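Me: I would like to learn how to read aromatic contacts and surface patches in a model. Could you take me through some cases?

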Amino acid sequence: MGEISKQEREAMIEVFEEYLSRVHREGMDRLLDYIRKSDFYAAPASTKYHSSFEGGLLYHSLQVYNCLEKKTSGSEYNVWRAQLDTDKVDAESIIIVGLLHDICKTYFYGSELRNQKTYDLDKVATADRRQVKHDNNGDFIWETVPVYTVEDKVPYGHGEKSVMMIEEYIKLKPVERYAIRWHMGFTEPKESWNTLKEAIKKYPLVLAVIEADLEATFLTEEYNE
């Protein structure tokens, strides 16, 4: 998905908040109030790689939740269903982990203007011919466009920051804490991989959210190099 309309974003907010309303934990109302007052609903999911548009973080969070819910309820995961039950992974856990794993990206992005090439045929055709250049990709013009930048206002890591931010409002189960902390999987620094492997062995939900995040990023969203 590329840009989303105001109406589409409002519909996504309604779905997002309806899911969170199913979580009955002390402090949930304050967490939702924080989300509403923050830039969560307007922020992108990344600067340029996936869902890098207004509302992209909201869109990505819903995609991850959808993937995670299917994974943890589908028959293909019966092989470790008993372990999920042992860890008390329920519908609330899936909602919290799926929708809030990237809450660390609130107040994380800024924007600036940059010059970039555009190969849009209509724009190139109507431009002054002195502005038109050519490279291996064809004719292009330089265009000043707004782009997202990282302006991390809470430099506390990624998954661990999401855990910290959520637990300022509600209490997480250990399995939820681990799943959110390690959801970046093997993009974590290599020296952390052994710890990540142990986390996956301890809580299979960690692996499920890693896979759901990757599937959302690369398959249901548009990923750009």
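Reply: Gladly! Let's start with L214, which lies in helix α10 (residues 205–220); helices are DSSP runs of H or I with at least four residues, numbered from the N terminus. This is a predicted model, where local features need pLDDT of at least 70, side-chain atom pairs need 80 or more, and totals for chains, interfaces and linings use all residues. Residues are numbered from 1 along each chain as its sequence is written, and side-chain values use heavy atoms, without hydrogens and water.

Me: Is L214 buried or exposed, or partly exposed?

Reply: Buried means under 20% relative accessible area, exposed over 50%, and partly exposed in between (1.4 Å probe, protein chains only). L214 has 43% relative accessibility, so it counts as partly exposed.

Me: And how do I read an aromatic pair?

Reply: Two aromatic rings are described by the distance of their centres and the angle of their planes. Rings of Phe, Tyr and Trp (its six-membered ring) pair if their centres lie within 6.5 Å; planes under 30 degrees apart are stacked, over 60 edge-to-face, and the rest tilted. By this rule the count is twelve aromatic pairs. In one of them, the ring centres of Y19 and Y65 are 4.6 Å apart with planes at 45 degrees, so the pair is tilted. This pair links distant parts of the chain, 46 residues apart: Y19 is in helix α1 (residues 6–20) and Y65 in helix α3 (residues 56–73). Both Y19 and Y65 are buried.

Me: Which residues form one aromatic cluster?

Reply: F16, F40 and Y41 do.

Terms used. Helix = DSSP H or I, 4+ residues; strand = E, 2+ residues; numbered from the N terminus.
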